[in-house]
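Visitor: I am new to this structure and would be grateful for a close look at a single part of it, the sheet and the loops around its strands. Please take me through it step by step.

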Amino acid sequence: MRARYGVPLGIAAAGAAGLLYSAGFEARSFRLRRVTVPVLPSGMRPLRVLQVSDIHMVSGQRKKQRWLRSLAGLRPDFVINTGDNLSDAEGIPEVLDALGPLMEFPGAYVFGSNDYYGPKFRNPTRYLWEKVQGRHGLNGNPPAVGVPHIPWEEMRDAFDAAGWLNLTNTRGTLKVDGVSLELTGLDDPHIKRDRYEQVAGGPSDSADFSMGVVHAPYLRTLDAFTADGYPLILAGHTHGGQVCIPFYGALVTNCDLDTDRVKGLSTHTAEGRTSYLHVSAGCGTNRYTPIRFACPPEATLLTLVGRE
């Protein structure tokens with residue numbers, strides 16, 4: 001009896017322990033990633049950028065709210081929010097409360113699909129199947145049916161009232177201590193709302209520094225930003241793979257970006273030009289898969305310094 005059932009029971013126990021750790025501890029073990037990026041023109045003072053992404057707020061997530069509020073203590077020069085703030089329509093007031101202290105700093109934002117639409121349960125193995133088939137989001141898949149809409153306008157209006165720039169397929173300029181920062185953003189490529197032709201043309205000569213901002217790092221958007229000469233691109237969406245294998249890494253990115261660049265700082269090359277790319281692993285999860293493994297939730301403080 002022991003020989004027959006011992007191994008399966010041991011595997012089940014290990015699986016249960018892993019699930020408990022992933023949902024009960026790691027998914028709530030918030031971290032701050034610190035990155036230095038040599039992208040500024042020579043002689044410009046360093047700039048500290050706080051990137052928050054993929055909050056996926058569900059009503060009642062008090063620890064996440066407290067942690068987000070505490071990030072204001074970093075005193076960044078400006079804040080970039082790369083979208084997917086929600087995983088519950090009821091979470092809008094709590095997102096705004098959690099981000100309230102950060103909204104006192106200059107900032108900008110783009111939205112992701114879960115800012116517009118509520119999540120639906122999906123079998124996690126579908127992400128692997130879509131990766132094999134090269135289909136992600138609405139890029140190759142049929143339009144979603146029966147997806148609940150979220151009243152995202154309330155969140156947009158609050159961000160705008162705080163002075164954050166709405167970068168939905170448009171450009172904007174922030175002034176930080178006399179430095180002119182040009183930010184060029186796209187709506188979410190995961191649901192085919194990106195319109196790069198509306199912002200094409202590359203950095204303006206009048207700006208001291210320019211960068212690209214997008215929620216999902218699809219290759220078509222990275223190629224466009226890089227070919228146009230943007231030295232830095234910020235994105236989110238991937239959750240860092242969310243469930244990773246120790247010493248191996250992520251299995252999926254939920255877009256056509258390769259898993260080697262699923263999170264953190266890397267580079268992207270297109271048409272003979274190279275840009276730095278930072279992909280945030282985000283600090284939340286879909287409400288139906290509230291687990292993380294070997295991929296803790298995070299925000300990132302990027303220090304931009306002069307080019308080497």
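Which residue in S13 stands opposite leucine 265?

Guide: The residue in S13 that stands opposite leucine 265 is histidine 278. The model is a predicted one, in which local features need pLDDT of at least 70 and side-chain atom pairs count only at pLDDT 80 or more, while totals for chains, interfaces and linings use all residues. Residues are numbered from 1 along each chain as its sequence is written, and side-chain values use heavy atoms, leaving out hydrogens and water.

Let us begin with the sheet as a whole. It is an open sheet of 6 strands in the order S6-S7-S8-S9-S13-S12, with mixed pairing. Strands are DSSP runs of E with at least two residues, helices are runs of H or I with at least four, and both are numbered from the N terminus; two strands pair if DSSP finds at least two bridges between them. In general, strands of a sheet pair through backbone hydrogen bonds, either parallel or antiparallel. The edges here are strand S6 (170–176) and strand S12 (264–270), each of which pairs on one side only. From one strand to the next, the twist averages 30 degrees, where angles run from 0 to 180 degrees between N-to-C directions of axes fitted to C-alpha atoms, for helices over the stretch in contact.

Strand S13 (residues 273–279) runs parallel to strand S9 (residues 232–235), and 4 bridges join the two. S13 is also joined to S12, by 7 bridges, and these two strands run antiparallel. Histidine 278 has a part in both pairings: it is the bridge partner of leucine 234, and it stands opposite leucine 265. S12 and S13 form a hairpin with 2 residues between them, and glutamate 271 in that turn has a positive phi of about 50 degrees.

A helix accompanies these strands. Helix H7 (residues 219–227) lies across strand S7 (179–185), strand S8 (209–213), S9, S12 and S13, and runs at about 75 degrees to S12.

We turn now to the loops. Aspartate 177, in the loop between S6 and S7, has a positive phi of about 50 degrees although it is not a glycine. Its relative accessible area is 64%, so aspartate 177 is exposed (buried is under 20%, exposed over 50%, partly exposed in between, with a 1.4 Å probe and protein chains only). Asparagine 254 belongs to the loop between S11 and S12, and its phi is also positive, near 60 degrees, in a residue other than glycine. Asparagine 254 is buried because its relative accessible area is 18%. Tyrosine 248, in the loop between strand S10 (244–245) and strand S11 (249–250), counts as exposed, because its relative accessibility is 62%.

With 34% relative accessibility, alanine 294 counts as partly exposed. Leaving aside neighbours within four places in sequence, alanine 294 is in contact (heavy atoms within 4.5 Å) with Glu26, Cys244, Pro246 and Lys263.
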